[in-house]
Amino acid sequence: MAIADFRQRGTHAGFASPTPVERRRPRPAAAGEPWTYVLNGATVRVTVSVIVPARNEAANLAALFDSLPPVYEVIVVDGHSVDGTAEQALALMPEARIITQTGRGKGNAMREGLDAATGDIAVFIDADGSNEPGEVERFVLALVNGADLAKGSRFLERGGSADITGIRRMGNAALRGIVNRMYGTRFTDLAYGFNAVWTRHRDLLELDCNGFEIETLIHIRAARLGLVIEEVPSYENQRTVGSTNLHALRDGIRIAAVLIREIADQHVNRRPEREGRSDT
Ligand SMILES: Nc1nc2c(ncn2[C@@H]2O[C@H](COP(=O)(O)OP(=O)(O)O)[C@@H](O)[C@H]2O)c(=O)[nH]1
Ligand SMILES: [Mg+2]
């Protein structure tokens, strides 16, 4: 379906119009199967690829896999871990696809995971226990109901965070304010790792960054493209084992830099607006 068709049903870079799924059939209990919905009387089958960027997360994988609903495919993108993350993933979930990223950084891992995904929908979820696997269904539902991008938010009602630090919260608010002013969005969160998108938008998004700024880039590109973005409430737990790979200052600067680059690309270089393009 062309992007334009979606756009008619939502506000610019806003939220999907309420076209609720009428009835849900039970999900198949096996991996490799689509999820089935009944939408406005029609049966909709979607295959869900869960993409897990993981760098030294061997100790956290069991809890994640245990509570992940059965999906079409799980892709673990290993970031050159030295703790046996890839081997552990394979031992715990032999049907999972384990790929080793060719470059470095979470953004590079997510791009390579998205390139490898063969499902209709890609759901990005952290490996460290921060994201609730039970929420995957919320993200998929938002897409099935008409959104192009389901964007997790810790700052919506029913969302929250036990992981965010004061400095990160402040940086998030400042950069989010700029994004909302520049792009007319109403984002309540920015740079949060739990998101889902139709894989057919992969080429349209043209993701071209390698670090923790990847989520911000996804959110900005989706807004620039006029995609329908629905925020989904999400609760962020503290990471279970290990410590964060993110450095608030270094990565905050990278996030600010990608925002400036996008603004320059659109306004200073007067690049043709991305909106006119379609994915068909
Ligand atoms: N493959 C890969 N995964 C990464 C990399 N950096 C972080 N991750 C994963 O991305 C997720 C979020 O990273 P984390 O360090 O917890 O950052 P935080 O959640 O922002 O504090 C975790 O699952 C990490 O293992 C990387 O360079 N490569
Ligand atoms: Mg984390």
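**Close-up views of a predicted model**

**View 1. Ile-51 and its surroundings in the predicted model.** Ile-51 counts as buried because it has 27 C-beta neighbours inside 10 Å; a residue is called buried if 20 or more other C-beta atoms lie within 10 Å of its own, exposed if 12 or fewer, and partly exposed in between, with C-beta atoms placed from the backbone. This is a predicted model, in which local features need pLDDT of at least 70 and side-chain atom pairs count only at pLDDT 80 or more, whereas totals for chains, interfaces and linings use all residues. Residues are numbered from 1 along each chain as its sequence is written, while chains are lettered from A and ligands numbered from 1 in the order in which they are written. Ile-51 is found in strand E4, where helices (H or I, at least four residues) and strands (E, at least two) are DSSP runs numbered from the N terminus. Leaving aside residues up to four places away in sequence, Ile-51 touches Ile-75, Val-77, Met-110, Gly-113, Leu-114, Ala-117, Ala-122, Val-123 and Phe-124, a contact being two residues whose C-beta atoms, placed from the backbone, lie within 7 Å. Ile-51 and Arg-97 are 46 residues apart in sequence, yet their C-alpha atoms are 9.6 Å apart in space.

**View 2. Strand E4 and the strands paired with it.** Because 7 of the 7 residues of E4 are buried, this strand is largely enclosed by the rest of the structure. Val-48, Val-50, Val-52 and Ala-54 point one way from E4, and Ser-49, Ile-51 and Pro-53 point the other way. E4 pairs with E7 in the parallel sense over 4 bridges, and two strands are said to pair if DSSP finds at least two bridges between them. Ile-121 in E7 is the bridge partner of Val-48. The pairing of E4 with E5 is also parallel and runs over 6 bridges, with Pro-53 standing opposite Val-77 in E5. From E4 the chain crosses through helix H2 (residues 61-67) to E5 in a right-handed β-α-β crossover, right-handed meaning that, with the strands pointing away from the viewer, the path from the first strand over the helix to the second runs clockwise.

View 3. An open sheet is formed by 7 strands in the order E6-E5-E4-E7-E10-E8-E11, and its pairing is mixed. Strand E6 (97-100) and strand E11 (229-233) are the edge strands, each pairing on one side only. Neighbouring strands of this sheet are turned by 20° against each other on average, direction ignored; axes are lines fitted to C-alpha atoms, for helices over the stretch in contact, and angles run from 0 to 180 degrees between N-to-C directions. Helix H3 (residues 85-92) packs on the sheet and touches E4, E5 and E6, its direction making about 170° with that of E6. Helix H5 (residues 136-144) lies across E4, E7, E8, E10 and E11 and runs at about 145° to E7.

**View 4. Strand E10 and the strands around it.** In strand E10 (residues 195-198), Asn-195 and Val-197 point one way and Ala-196 and Trp-198 the other, and all are buried. Strand E7 (residues 121-124) pairs with E10 in the antiparallel sense over 4 bridges, with Ile-121 opposite Trp-198. Strand E8 (residues 149-153) pairs with E10 in the antiparallel sense over 3 bridges, with Lys-151 opposite Asn-195. E8 and E11, by contrast, pair in the parallel sense over 5 bridges, and Val-232 in E11 is the bridge partner of Gly-152.

**View 5. The shell around ligand 1.** Ligand 1 is surrounded by 21 residues, of which the closest are Pro-53, Gly-79, Ala-109, Thr-244 and Asn-245; a residue is near a molecule or strand if its C-beta atom, placed from the backbone, lies within 6 Å of it. Strand E4 (48-54), strand E5 (73-78) and helix H4 (106-116) each supply at least two residues of this shell. By class, the shell has 6 nonpolar, 7 polar and 8 charged residues, where Ala, Val, Leu, Ile, Met, Phe, Trp, Tyr, Cys and Pro count as nonpolar, Asp, Glu, Lys and Arg as charged, and the others, Gly among them, as polar.

**View 6. Helix H8 and the residue that follows.** Helix H8 (residues 214-224) is mostly covered, with 9 of its 11 residues buried, among them Ile-214, Glu-215 and His-219. Just after H8, Gly-226 takes a positive phi of about 75°.
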